[in-house]
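Today I open my notebook on a structure with its sequence beside me.

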Amino acid sequence: MTNAAPETPEDSTSLGLSRGKRARPLFDPPIVRRAIADSIVKLNPRTLARNPVMFVVEVGAALTTLLLFKTIATGGGGIGFELQIAAWLWFTVFFANFAEAMAEGRGKAQADSLRKTKSDAMAKKLTAAGKVEMVPASALRKDDVCLCEPNDVIPGDGDVIEGIASVDESVITGESAPVIRESGGDRSAVTGGTKVLSDYIKVRITSNPGETFLDRMIALVEGAQRQKTPNEIALNIMIAGLTLIFLFAVITLAPFAQYSVAHAKTGAVPGVIVLVSLLVCLIPTTIGGLLSAIGIAGMDRVMQHNVLAMSGKAVEAAGDVNTLLLDKTGTITLGNRQAVEFIPVDGVTAAELADAAQLSSLADETPEGRSIVVLAKEKYGLRGRDIAEHEAEFIAFTAQTRMSGINFEGNQIRKGATGSVRQFIEENGGVFPQKASDTADAISRTGGTPLVVSMNNRVLGVIHLKDIVKGGMKERFAQMRMMGIRTVMITGDNPLTAAAIAAEAGVDDFLAQATPQDKLELIRKEQAGGRLVAMTGDGTNDAPALAQADVGVAMNTGTMAAKEAGNMVDLDSNPTKLIEVVAIGKQLLITRGALTTFSIANDVAKYFAIIPAMFAVTYPPLNRLNIMGLHTPESAILAAVIFNALIIIALVPLALRGVKYRPLSAGALLQRNLLVYGLGGVLAPFPGIWIIDRLLAVLHLA
Amino acid sequence: MTSNGWLQIAIFFALVVACTKPLGIFIANVMEGRGTWLSPVLRPFENLIYKLCGVRRGDDGLPAEQTWTRYAASLLAFSAFSTLLLYAMQRLQILLPFNPRGFSANTVSPDLAFNTAVSFNTNTNWQNYVPETTLSYFVQMAGLTVHNFLSAAAGLGIAMALVRGFARHSVQTIGNFWADLTRATLYILLPLSFVIALVLCSQGVIQNLNAYTAVTTLEGVKQTIAQGPVASQEAIKMLGTNGGGFFNANSAHPFENPTAFTNLLEMFLIFLIPAALTYTFGKMVRDTRQGWALFAAMTILWFAGTLTAYHFEQQGTPALRKAGIEMTATSTAASAQSGGNMEGKETRFGIANTALFATVTTDASCGAINGWHDSFTPLGGLVPLFNIQLGEVVFGGVGAGLYGMLMFAILAVFIAGLMVGRTPEYLGKKIEKKEVKMAMIAMLVLAASILFFAGASSVAEFAKNSYWNTPGPAAANTNNPGAHGLSEILYAFTSATGNNGSAFGGLNGNTVWYNLTLGFAMLIGRFMMLLPLLAIAGSLAGKKQIPVSAGTFPTHGPLFVSLLVGVVVIVGALTYFPALSLGPIVEHLML
């Protein structure tokens, strides 16, 4: 995949929060149109009751509207003012709904395109007698077996139990290159809706209709099963609590005003419409209106990176992660060891060694073997020979000999680990040279893997196989460290090799010779210490660890068991993406915190606008608090209400896109955000309300 | 403002700073049951008390640890029992000894006895009665003074329970209420009070059981001078941040607060334990920087309050200036004038020490006064009022200040903590639904109590022959009309809900209506704060402790201190600004 490119810390979206290939423009016209329609539907009080803050605004808007009608019916004055307040209160609710609908709309559009691919294909079901029977895919149940031939759409999720085929999974992953699916091993899982391109496979269905991966994916991107995350619930409680406190403050203002008016013997107790306006301005409508949009948009951002999060909780947990477990192979290193050097011993030339090494590897299809052939070709111009012309016998790697090689023109060429080759040579009456074992040790110490090459009973030299650390990983791990996240490399290598690679890659710790059980235990140990752990995995034996981890990202190429166990699936199967997922989680939480702080800080200015306006007649001296110099009491109240509504719509892009995230230490991040959203939140409304007040005056609206 | 005034304020604060660490360590050792230099003498008494009271012991012979629900149940049972006892004591005082004036149930109506019993039990010490004409020496000593000890000890215990919630992890228990109560009283409050009472006596505070003295004044007027065991009550009144005066004039009375030295001592005593508790907190959570951070936030708020009150009192009012009164302080031999607003202030103490006293007594939930807050300038008087509305978290009451501030810390961390990209945590404990819910309940109920009771009292009207109050509006019980009257009502319910007990003055509260509403406000203010906090303590204790990393929200630096101060002020201001704008603020603007 494409996003391993390292970025510099100066880059604002540093940890690779680049747009995935599914990115859409923020305000896609069809989505906007749909969101507008949805926002009106969402005015239904039963829907809105889930959001206490906006529900209070809606009740206030309804009350204001009723009083407006009463004023119209009785022919009272101030209709213009009441009409505008009522309209802007409705707009406040509408804007909040719009934000949520926009966030949902992006997912819905995606779900629609997924649904299109879910045509009701016919499946070739295999009966017990082994006959093929054509049934609709929806009729298939768990444990049914069906046959998939070229151009067949695989009818449901399942395991390949026979055969091998190339499969087009672009429906799910967006990646057009076909992948191989075969029975047994870790590449046996197939997903319903994908298409067989060549060969045939027999698939045992593992899920009932409606429960397939595609179904779940549609439900997830659509937000149908969206549940509030723990932090979102807590935040909701807080803003609901604040709403109640402000409700008390505003309700009790009525008796205080009554007392004051009675004693000042002038003016009037502020009417319901004015009190409602004050209440709506004070309650945290900004965060209340945008909270769910932030959560949905966070899920959506994960989706844009082609990662499917099974719950918002998982995304939230990603931001909290303290420890990242990263598989060495494929995540930190380029996957396979590669030959980088031929080191001959005892009078052998490098070219001779390379020649023998290449010969022994010609039939070796492992990536290491191929890299030896390539290195010999690149460095010494040795071409692969047509060995069929010669008398050649390949010796395959076995667990007993732990060597592979070739018998070629009477020579026994072998390559293998130091110990194995030593045994082989000594059994054949040779001497294993000291220099060879020194060289091998030296290679091991640097994290490489030595492969000793011998011919008959003589050692020719050592091949240096090396793990290649991906570019930019060191910088990323340094950023992680700055954010307080510890990275642990998991590898099956011996501790010596592991330590060298760990040092080169700059991870904080490593787990060498790791078994799945070791991995699980490491996770448990970290969690017992209060840490949250994230990991990636693909094999069935990773499943317990994936389930135990707080954030478990399963690779889409992995087995069904792994996908079921994790709480995220990476459709690109790129384990490095775990780092991006963490960044998105953090960004989601920061956005929430920033808007909460901003919302509460905003209230200060609103008091200065509304309180003097309310008691302009009763207590004229209070006008000295009108530091913005707002025109009239009506324009002041109206300006505050309008500002309060407009700020929601103004912050929709921020809520959907997320606050810019920089990988900094918590202290630096907090200082920056407190300044921008805390202090900024206190100051911003003053000019904002002032400008609106001027406009209202110019337009003769108040 | 004079350099002399500032010097005195500086001396006061230097004393507080000097004692914070040593006393903080001592309190931590006592409350964790470790040995102290007092243990050889007091340990046998401690064990005897446990034995006599039948306190359940664990396998180690120490009082058994309690879950938060058991802790809360013990607290409630104890409070209910002791409140009833105090009620009975007042009503039956004629049958009890040490009653030279022969006060009976006639001087203490049932509603007044209820108000007073609740008041002393909740560490409020709101006094709707005039002590010297209402209560016998016995009730003052065995009733009120005992409650002064126990209500402070209970508050200290609850603060410790909350701190244990932070300090412990993955356990269900938060300490033992009876052990906390016993240890706080026996090792901390009693020994200190004993010494302080003696010092006060040396300065002229009286301590006797004599009958009142009848004298003829220089003007030839006959006057009765009240007597009594004052010093023993005075010490704990200040040390336990109780504030209920032996006399109606409280610490303005020369028998309670005779000299400039006792005045300094009394102010110092208010802050002594609350300030030390910040250090105790830091020590118990194994990071003293955390305690100093709270101390710093409290200091900023204290200083801002003192500065404001002192400034406006020294500035006086336009009316005084118009009357030709010198508003500038002078200190020449020819003219040594205090200047400023001296109305309601003792000339012994002057403006600086009265402004400081008013600030300190309301920063903490003490409520003792050495001058009349009612006579302060509007903004000078706003300081004590707003201090209480902030929740008395500026050092605060014994225990109450710490747990109140910790609640704000939880809230501050929750609001702003997300901005570091992690779900909020404080001292390694995740702040989640339960903590937020409980903190919001506490804030909400307290705000409701202040606003609704004050709102109702500002508009309630009573019919002729009403049982509840004198006929007419409840607001007529105030001395002043208009904005100042509203301040008086608001102050009363703020003081009661905040468990402060200081009176703005100027409100006749001894009617059934006010006795009951203020009584309920005190109960709400105490228990609707304590119960949610104990729930938080229980929840926190059960959580894992997340290790600190570079990604952790730092809660010890200047950044956190300013955030905490900001949250305290903004939350307080947002809640009460509308009400305050019609009281002290408009009054100031109308000067």
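**Entry 1**

The side chains of B:Glu313 and B:Lys345 meet in a salt bridge at 2.6 Å, N to O; the term asks for a side-chain nitrogen of Lys or Arg within 4 Å of a carboxyl oxygen of Asp or Glu. B:Glu313 sits in helix H9 (residues 288-315) of chain B and B:Lys345 in the loop between helix H10 (318-322) and helix H11 (350-363) of that chain, so the pair ties together parts 32 residues apart in sequence. Helices (H or I, at least four residues) and strands (E, at least two) are DSSP runs numbered from the N terminus.

I noted how to read these values: the model is predicted, so local features need pLDDT of at least 70 and side-chain atom pairs pLDDT 80 or more, while totals for chains, interfaces and linings use all residues. Residues are numbered from 1 along each chain as its sequence is written, chains are lettered from A and ligands numbered from 1 in the order in which they are written, and side-chain values use heavy atoms, leaving out hydrogens and water.

**Entry 1: charged pairs in chain A**

I then turned to A:Lys519 and A:Asp542, whose side chains meet in a salt bridge at 3.2 Å, N to O. A:Lys519 is in helix H18 of chain A, whereas A:Asp542 is in the loop between strand S18 (533-537) and helix H19 (543-548), 23 residues apart. Both A:Lys519 and A:Asp542 are buried.

**Entry 2: between the chains**

The contact (heavy atoms within 4.5 Å) takes 64 residues from chain A and 59 residues from chain B. About 5300 Å² is buried between the two chains, and carbon and sulfur atoms give 79% of it; buried area is the accessible area (1.4 Å probe) that two parts lose on being put together, summed over both. A:Phe256, A:Tyr259 and A:Leu670 supply 14% of the area that chain A buries against chain B, more than any other three residues.

I found one salt bridge across this interface.

**Entry 3: the nonpolar core**

The largest nonpolar core has 319 residues, and A:Met238 and B:Trp302 are among those with the most contacts inside it; such a core is a set of buried Ala, Val, Leu, Ile, Met, Phe, Trp, Tyr and Cys residues joined through side-chain atoms within 4.5 Å. Helix H21 (residues 578-614) of chain A gives the most to this core, with 20 residues. A:Met238 touches residues including A:Ile600, B:Phe414 and B:Met440, not counting residues up to four places away in sequence.

Conventions
Buried means under 20% relative accessible area, exposed over 50%, partly exposed in between (1.4 Å probe, protein chains only).
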